[in-house]
Amino acid sequence: NFHRAAYQADDRNDLLSAINEFLDSSIVIPPSDVPGEELLLSVAQFQRKMLKKRQAKEDKVLAKEIKIQEERAVLKPKKPEEEDPLRRSGKPFGGVVRDARRRYPCYVSDFKDALNPQCMAAIIFIYFACLSPAITFGGLL
């Protein structure tokens, strides 16, 4: 469980919470004169009680959070649905105009991405890869 949580941590806080959860469920047994089996049995019972209390506390907190989220969902005004891009506009080329307006904010970033050196290298490679057979076989006709 800790291993999975540590690898799936997105940031420092996630990792710290995984470590804290692991340490909360761990018990350090100091060296003593008590035989090992007796000590382990008493510690195991104590740990089970602690885990049950912690689980009950977490369940209460989770139930409260779910209730709050449900209340917020009920109180939150619903957003108007997005316009269907395939709906007929009734005007000539109305769908093309509506699509261009919808996509306009993305055009600048598309051109910036195309000028990336790695993207330019791929474009040039594909251009010449498609052009070379046409030159080669065009001379045979």
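Colleague: How many residues apart are Tyr104 and Tyr107 in helix 4?

Modeller: This is a predicted model, in which local features need pLDDT of at least 70 and side-chain atom pairs count only at pLDDT 80 or more, while totals for chains, interfaces and linings use all residues. Residues are numbered from 1 along each chain as its sequence is written, and side-chain values use heavy atoms, with hydrogens and water left out. Helices are DSSP runs (H or I, at least four residues), numbered from the N terminus. Tyr104 and Tyr107 are three residues apart in helix 4, and are therefore separated by about one helical turn.

Colleague: How many aromatic pairs does the structure hold?

Modeller: Rings of Phe, Tyr and Trp (its six-membered ring) pair if their centres lie within 6.5 Å, with planes under 30 degrees apart counted as stacked, over 60 as edge-to-face and the rest as tilted. The structure holds two such pairs. Tyr104 and Tyr107 form an edge-to-face pair, because their ring centres lie 6.2 Å apart with the planes at 85°. Tyr104, at 58% relative accessibility, is exposed, whereas Tyr107, at 35%, is partly exposed; these words mean over 50% for exposed, under 20% for buried and in between for partly exposed (1.4 Å probe, protein chains only). Tyr127 and Phe128 also pair edge-to-face, since their ring centres are 5.2 Å apart and their planes stand at 75°.

Colleague: Which residues are linked in a network of salt bridges?

Modeller: Side chains of opposite charge can pair when their charged atoms come close. The criterion for a salt bridge is a side-chain nitrogen of Lys or Arg within 4 Å of a carboxyl oxygen of Asp or Glu. Here the network links Asp99, Arg102 and Arg103, and the structure holds two salt bridges. Arg102 reaches Asp99 with the closest N and O atoms 2.8 Å apart, and Arg103 meets Asp99 at 3.1 Å, N to O. In helix 4 (residues 94–114), Arg102 lies three residues from Asp99, and Arg103 lies four residues from Asp99, about one turn of the helix. Asp99 is partly exposed at 27% relative accessibility, as is Arg102 at 49%, and Arg103 is partly exposed at 42%.

Colleague: Which residues gather in a patch of negative charge on the surface?

Modeller: Patches are made of residues with over 30% relative accessible area and no salt bridge, like charges being joined within 9 Å and nonpolar side chains (Val, Leu, Ile, Met, Phe, Trp, Tyr) within 5 Å. Glu21, Asp24, Glu58 and Asp59 gather in the negative patch, to which helix 2 (12–24) and helix 3 (36–75) each supply at least two residues. Asp59 belongs to helix 3 and is partly exposed at 40% relative accessibility.

How values were computed. Accessible areas come from the Shrake-Rupley method with a 1.4 Å probe; for residues, only the protein chains shown count as cover. Lys and Arg count as positive and Asp and Glu as negative; His and the chain ends are not counted. The place of a charge is taken as NZ of Lys, CZ of Arg, CG of Asp or CD of Glu.
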